[in-house]
Amino acid sequence: MWTVKLAVPVVAVAMALASCSTEAGDDATSAVATTTPATSTAPSESAADAQQQYPDVVDAELSASGDGFTIAVTLSSPYDTPERYADGWRVMTADGDVLSEHTLGHDHANEQPFTRTSSPFEIPDGVSEIVVEGRDQEFGYGGDTVTVDVPR
């Protein structure tokens, strides 16, 4: 009898995960030529801290895409609700010059952490690494960042 009780929540969770719709520019896949691993600046503290003001970037994979680059960014946000959620990220040079920004149109409360891929963007020839930073609806940019080597 306990098997039946467990089946209902499992099915409900599976259906909730499957129903997360994507918006234009908010897809999770893209064709890639090369991928570079990321280095995180995340401290050892838990991302579930109730006082956390910003989403954390927990991973990023930068890929050559035609004449530009795409990036798959994994964000974690313990407060993801329709009222407040991680609403984007930006890609910057190590000097803080913004190369690309990506906006998320809805919360990902049933999908934590979550990964989305950006549209192709350009990285100047002299840039050898990029930094990815998350954005919160209420507080703006901040939180743990990830640094990625640019594949050339």
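Buried residues are those under 20% relative accessible area, exposed residues are over 50%, and partly exposed residues lie in between (1.4 Å probe, protein chains only). In this predicted model, local features need pLDDT of at least 70 and side-chain atom pairs count only at pLDDT 80 or more, whereas totals for chains, interfaces and linings use all residues. Residues are numbered from 1 along each chain as its sequence is written, and side-chain values use heavy atoms, with hydrogens and water left out.

**View 1. The protein chain contains one helix and nine strands.** Helices (H or I, at least four residues) and strands (E, at least two) are DSSP runs, numbered from the N terminus. The order from the N terminus on is α-β-β-β-β-β-β-β-β-β. Of the 152 residues in the protein chain, 41% are buried.

**View 2. The largest nonpolar core has 21 residues.** Such a core is a set of buried Ala, Val, Leu, Ile, Met, Phe, Trp, Tyr and Cys residues joined through side-chain atoms within 4.5 Å. Leu 62, Ile 71, Leu 75, Trp 89, Ile 123, Ile 130 and Val 132 have the most contacts inside this core. Two or more core residues come from each of strands E3 (56–65), E4 (68–76), E5 (86–93), E8 (129–136) and E9 (140–149).

**View 3. Arg 90 lies in strand E5.** Its side chain is joined to that of Glu 133 by a polar contact of 2.8 Å; a polar contact is a pair of N or O atoms within 3.5 Å, where, within protein, one must be able to donate a hydrogen and the other to accept it, and residues adjacent in sequence count only if both atoms are side-chain atoms. Leaving aside residues up to four places away in sequence, Arg 90 touches (heavy atoms within 4.5 Å) several residues, among them Val 98, Ser 100, Val 132 and Tyr 141.
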